[in-house]
Amino acid sequence: MAGSEASAAETPAAPDTVKILIAGGFGVGKTTMVGSVSEIVPLRTEEPLTMAGLGVDDLAGIERKKATTVALDFGRITINDRLVLYLFGTPGQQRFWFMWNDLAVGALGAVVLFDVRRPEASFAAVDFFERRGIPFVVGVNGFDGAHPYPPEEIRDSLALPEGVPVVLCDARERESSRDVLITLLDLLIASAVGGTGSA
Amino acid sequence: MSESDAVAGRLVRPFALTGGRTRPSRACFTLIATVTAVDPPPERAPRPQPEQARILRRCARPVAVAELAALLDLPVSVVVIMLCDLLEAGLITVHPPHPVTDRTLDLDLLQKVRDGLGRL
């Protein structure tokens with residue numbers, strides 16, 4: 001920022017940051033995917049549910065409640081010395097996303113992970129991004145790397161629009177997870193090029 | 001410390017750190033905004049509280065708000081309120097994330113991210 005250059009000689013300049021969300025139902029492999037491509041061991045921050053929407057006067061009795069927290073796991077990929085990408089594994093239940101008001105705001109896009117054994121677990125995430133117009137790809141995380149269904153069948157079961165890529169992947173594998181992210185970037189680039197009409 | 005003490009500690013402590021406040025005074029500290037300690041600190045700045053000093057040590061180099069919260073093992077909501085105080089005291093600077101809206105997808109930025117992923 002313009003007003004904060006006084007100490008620039010001493011302190012490295014803050015990089016630009018962008019984020020991609022890794023979404024999907026509980027236990028579908030979100031944190032696994034974050035961990036397989038992140039340059040750091042995934043970090044976790046927890047937000048006590050009891051803090052949300054409570055005024056200070058409402059605190060009486062909180063100490064008797066179980067600590068109910070919603071966790072957010074995230075990783076980091078340094079693109080270059082001026083640009084850092086963060087990957088946020090979203091909480092499985094969308095109703096808890098309000099804990100991080102800005103989670104979806106300003107995201108480049110999202111990966112919705114899909115587990116063929118529990119397809120319904122990812123419906124809500126697909127809905128969420130469709131409704132907000134946030135670009136996403138579907139990553140089909142095969143159990144133990146197996147992929148019994150072709151992508152077309154999964155596309156049908158999720159009633160995905162034509163433009164949403166479906167990629168088979170193994171969230172445990174760095175290259176596989178990376179390729180899902182690259183598919184998302186290719187989608188974003190294609191839509192940016194198409195949107196400006198410069199292609 | 002017993003399990004139940006640890007649980008109580010996590011719930012009570014954050015409010016103590018923020019003086020009972022649950023809402024930040026500024027909206028600039030989003031999850032991937034980066035904060036950096038001002039070095040040297042301004043002379044007129046008040047002496048930081050111990051938890052504030054912990055934050056300042058962690059952001060001697062630029063660090064994202066979410067990372068800071070994870071490293072300090074504090075909820076983001078609490079760290080953000082403390083960051084507001086530090087910003088008002090002139091002890092940190094904040095760098096907003098790269099602006100992203102659905103209308104202004106930045107082709108150059110996207111290509112950089114894609115190239116970076118390709119190098120993984």
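Chain B has 5 helices and 3 strands; helices (H or I, at least four residues) and strands (E, at least two) are DSSP runs, numbered from the N terminus. Read from the N terminus, the order in chain B is α-β-α-β-α-α-β-α.

Some housekeeping. This is a predicted model, where local features need pLDDT of at least 70, side-chain atom pairs count only at pLDDT 80 or more, and totals for chains, interfaces and linings use all residues. Residues are numbered from 1 along each chain as its sequence is written, while chains are lettered from A and ligands numbered from 1 in the order in which they are written.

On confidence, the predictor gives the complex an ipTM of 0.85 and a pTM of 0.85. Chain B has a mean pLDDT of 86, with 85% of its residues at 70 or more; pLDDT is the predictor's confidence in each residue, from 0 to 100. In residues 1–9 of chain B, the pLDDT is below 50, and this stretch has 3 contacts in the model beyond near neighbours in sequence. A contact here means that the C-beta atoms of two residues, placed from the backbone, lie within 7 Å. Where pLDDT is low, the predicted coordinates should not be read in detail.

Now the packing of chain B. Of its 120 residues, 39% count as buried. Buried means 20 or more other C-beta atoms within 10 Å of the residue's own, exposed means 12 or fewer, and partly exposed is in between, again with C-beta atoms placed from the backbone. Among contacts in chain B with a separation of 6 or more, 72% are between residues 24 or more positions apart.

The largest nonpolar core has 83 residues. A nonpolar core is a set of buried Ala, Val, Leu, Ile, Met, Phe, Trp, Tyr and Cys residues joined through C-beta atoms within 7 Å. Those with the most contacts inside it include Ile20(A) and Leu87(A) from one chain and Val65(B), Val79(B) and Leu83(B) from the other. Helix H4 of chain B, residues 76–88, supplies the largest share of this core, 9 residues.

How enclosed is H4(B)? Of its 13 residues, 11 are buried, so the helix is largely enclosed by the rest of the structure. Among the buried ones are Val76(B), Val79(B), Leu83(B) and also Asp85(B). The geometry of H4(B) agrees with expectation, because 13 residues at 1.5 Å a residue should span 18 Å and the end C-alpha atoms are 18 Å apart. The expected span is 1.5 Å times one less than the number of residues. Just after H4(B), Gly90(B) takes a positive phi of about 75°.

Two backbone points in chain B. Asp39(B) and Pro40(B) are joined by a cis peptide bond, with omega about 0°. Pro40(B) lies in the loop between strand E1 (34–37) and helix H2 (50–58). Asp73(B) is not a glycine, yet its phi is positive, about 55°. Asp73(B) lies in the loop between helix H3 (65–72) and H4 of chain B, and counts as exposed with 10 C-beta neighbours inside 10 Å.

Over to chain A. Strand E6(A), residues 136–141, has 6 of its 6 residues buried. Phe136(A), Val138(A) and Val140(A) point one way, and Val137(A), Gly139(A) and Asn141(A) the other. Strand E5(A), residues 109–114, runs parallel to E6(A) and is joined to it by 5 bridges; pairing requires that DSSP finds at least two bridges between the strands. E6(A) also runs parallel to E7(A), with 4 bridges.

Phe114(A) lies in strand E5(A), and Val140(A) is its bridge partner in E6(A). Phe114(A) counts as buried, with 29 C-beta neighbours inside 10 Å. What separates Phe114(A) and Cys169(A) in sequence and in space? They are 55 residues apart in sequence and 9.7 Å apart in space, C-alpha to C-alpha. Cys169(A), in E7(A), stands opposite Asn141(A).
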